[in-house]
Amino acid sequence: MNELSNRVALVTGGASGIGRASSVALARAGADVALTYYTAADEARSVVAEIEALGRRALSLKADMTEAGTVERVVTQTEEKLGPI
């Protein structure tokens, strides 16, 4: 049973390292996952493909989390595409 079934997760820095591992783990637990990246576009696409191969929905968003308004934009785009976080 997937304990996070019908849930949406948002992982900042989800394209590499701990963020990548967290994104994939959340998907394995049943969540659809949105992840942000700043420079690692290829890696982000790879994570999205891995999540989708698990049967979950995924979204990658380029985002500089130090810029004002970015968090609100990322949350809005995530919720528009995947549902409430």
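Predicted model: local features only at pLDDT ≥ 70, side-chain atom pairs only at ≥ 80, totals over all residues.
The strands of a sheet pair through backbone hydrogen bonds, in either a parallel or an antiparallel arrangement. In this model, three strands form an open sheet in the order E1-E2-E3, and their pairing is parallel. Strand E1 (8-11) and strand E3 (58-62) are the edge strands, each of them pairing on one side only. From one strand to the next, the twist averages 15 degrees. Five bridges join strand E2 (residues 32-37) to E3 in the parallel sense. Within this part of the sheet, Ala-34 has Leu-59 in E3 as its bridge partner.

Two helices are placed against these strands. Helix H2 (residues 41-53) packs on the sheet and touches E2 and E3. The direction of H2 makes about 175 degrees with that of E2. Helix H3 (residues 70-82) lies across E1, E2 and E3, and runs at about 155 degrees to E3.

The largest nonpolar core consists of 13 residues. Those that touch the most other members are Ala-15, Val-33, Leu-35, Ala-44, Val-47 and Ile-51. At least two residues of this core come from each of helix H1 (17-28), E2 and H2. The most is given by H2, which supplies four residues. Apart from this core lies another, of seven residues, including Leu-61, Ala-63, Val-74 and Leu-82.

When residues up to four places away in sequence are not counted, Val-47 touches Gly-14, Ala-15, Arg-20, Ser-23, Val-24 and Leu-35.

Ile-51 belongs to helix H2. Ile-51 counts as buried because its relative accessibility is 0%, and the limit for a buried residue is under 20%. With neighbours within four places in sequence left aside, Ile-51 is in contact with Ser-23, Ala-27, Val-33, Leu-35, Arg-56, Arg-57 and Ala-58. The C-alpha atom of Ile-51 is separated by 9.5 Å from that of Ala-31, a residue 20 places away along the chain.

Definitions and conventions:
Residues numbered from 1 in each chain as written. Heavy atoms only, no water. Pairing = 2+ DSSP bridges. Axes fitted to C-alpha atoms, helices over the stretch in contact; angles between N-to-C directions. Contact = heavy atoms within 4.5 Å. Buried < 20%, exposed > 50% of the residue type's maximum accessible area, 1.4 Å probe, protein only. Core = buried A, V, L, I, M, F, W, Y, C linked by side-chain atoms within 4.5 Å.
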